[in-house]
Amino acid sequence: MAKNKHNQPEHRTQQEYIFQRKNYLFMFIGLALIALGFILMSGGGSDDPNVFNEEIFNFRRIRLAPTLVLIGLGIEVYAILLNPHKK
């Protein structure tokens, strides 16, 4: 009896990965933006609890840093959904 070739699983010589170089590049960029956002959020406190420091409410900590973190998260989602095989 002849074996049906359609029921045989194909053996690939090269292993295909889900993510390619382009995906990892975007993931690295997203992680760098997230890290930069958290670094910009840090600081601004006071060593003395009786002294209030207005630096915690500046533009960098309230607007810029959270925006960078959200943009980084958006880039991470894009990197995961990016199909590098599509031409």
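Let's start at Phe 57, which is exposed, with a relative accessible area of 52%; exposed means over 50%, buried under 20% and partly exposed in between, with a 1.4 Å probe and protein chains only. The model you are looking at is predicted, so local features need pLDDT of at least 70, side-chain atom pairs count only at pLDDT 80 or more, and totals for chains, interfaces and linings use all residues. Residues are numbered from 1 along each chain as its sequence is written, and side-chain values use heavy atoms, leaving out hydrogens and water.

Where does Phe 57 lie? Its place is the loop between helix H1 (21–41) and helix H2 (59–81); helices are DSSP runs of H or I with at least four residues, numbered from the N terminus.

Now look at the rings. Rings of Phe, Tyr and Trp (its six-membered ring) pair if their centres lie within 6.5 Å; planes under 30 degrees apart count as stacked, over 60 as edge-to-face and the rest as tilted. By this rule there are 3 aromatic pairs. One of them joins Phe 19 and Tyr 24 edge-to-face, at 6.0 Å centre to centre and 80 degrees between the planes. Phe 52 and Phe 57 have ring centres 6.0 Å apart and planes at 40 degrees, so this pair is tilted. Phe 52 is exposed, as is Phe 57.

Finally, follow helix H2. From first C-alpha to last, the 23 residues of H2 reach 32 Å, close to the 33 Å expected at 1.5 Å a residue, where the expected span is 1.5 Å times one less than the number of residues. Its buried residues include Arg 61, Leu 68 and Glu 76.

Note on methods: Helices (H or I, at least four residues) and strands (E, at least two) are DSSP runs, numbered from the N terminus.
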